Amino acid sequence: MNVANRQACAEQHYDYPIEDVFDAWLDPTSLADWMRVPSWEKGVTAESQPEVGGSYRLVMHKPDGDVVHTGTYLEIERPHRLVFYMDAPRFVGRGQCRHDRTLGPRWRDPSDPHS
Amino acid sequence: MPSLPESSLDKTLVALADPTRRAILARLAEGNARMTEVAAPFDMSLNAVSKHVRLLERAGLIQREVLGREHRLSFVGDPLLEAGDWIDFYRRFWKKRLAGLDAFLRRRASEPNSKKVPKS
């Protein structure tokens, strides 16, 4: 199935400074914290080189085996725009879905008309 | 990137990714119909509609009963449940993770002396 041009949008409002929200996506320690699934005791291991062209690796330690997310950063414009690829070949262990170079997140600062 | 074998979910999503096929399903969801009845509202040849129907059939969304020269079509909803479950899983997963981000930011905000995330 060709999904190259498919898009999915999610909107979420956070009542915190936009810099904090932005950094939480880039800083590996923060990512490992908030991406944690509470019932997966071993938590999340994250490492990243937060620069354009840099890569990240986020491993969610699911009890029946690790779920690995990897990708590279395409655009980093703190705090308004962050674009990265995401590959998660296994993800939920259902063997039927694949994240191919998904782009996300692209977000908008409501106070900035140009974002 | 190695490609995965085509699953029933792939077939369902491909089948749904076309407005004509969705309209055919919507028609059949109201009740069984003959091929000619299904094709009637569309501004395309019976052959073209028949191709869409075959694709829906392969995806398991339509069942065909052949009675002499008459082809009776009926809607089968099961594959839609699977697709719905799949979408639901991701919706729930990301809803929880994004709620986790909110909780994380709240904790940060309530720790006045917390070390700030270093600037990238």
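The model is predicted.

**Exercise 1.** Identify the bridge partner of E77(A) in β4(A), and describe how β3(A) and β4(A) are paired and connected.

*Solution.* Step 1: within β4(A), E77(A) has R81(A) as its bridge partner. Step 2: β4 spans residues 81-84 of chain A, and its pairing with β3(A) is antiparallel, with four bridges.

**Exercise 2.** Determine the sense in which β2(A) and β3(A) pair, and the number of bridges.

*Solution.* Step 1: β2 covers residues 55-62 and β3 residues 65-77, both in chain A. Step 2: these strands pair in the antiparallel sense over eight bridges. Step 3: one position in this pairing is R57(A), which lies opposite T70(A) of β3(A). Step 4: two residues separate β2(A) from β3(A) in the hairpin that they form.

**Exercise 3.** Classify the relative orientation of α1(B) and α5(B), then characterise their contact by residue class.

*Solution.* Step 1: the axes of α1 (residues 8-16) and α5 (residues 78-110) of chain B come within 10 Å and cross at roughly 100 degrees. Step 2: angles of 65 to 115 degrees count as roughly perpendicular, so α1(B) is roughly perpendicular to α5(B). Step 3: α1(B) contributes S8(B), L9(B), T12(B) and L13(B), which meet P79(B), E82(B), A83(B) and W86(B) of α5(B). Step 4: sorted by class, this contact comprises five nonpolar, two polar and one charged residues.

Conventions
Residues are numbered from 1 along each chain as its sequence is written. Chains are lettered from A and ligands numbered from 1 in the order in which they are written. This is a predicted model: local features need pLDDT of at least 70, side-chain atom pairs count only at pLDDT 80 or more; totals for chains, interfaces and linings use all residues. Two strands pair if DSSP finds at least two bridges between them. Axes are lines fitted to C-alpha atoms, for helices over the stretch in contact, and angles run from 0 to 180 degrees between N-to-C directions. Angles under 35 degrees count as roughly parallel, over 145 as roughly antiparallel, 65 to 115 as roughly perpendicular and the rest as oblique. Two residues are in contact if their C-beta atoms, placed from the backbone, lie within 7 Å. Ala, Val, Leu, Ile, Met, Phe, Trp, Tyr, Cys and Pro count as nonpolar, Asp, Glu, Lys and Arg as charged, and the others, Gly among them, as polar.
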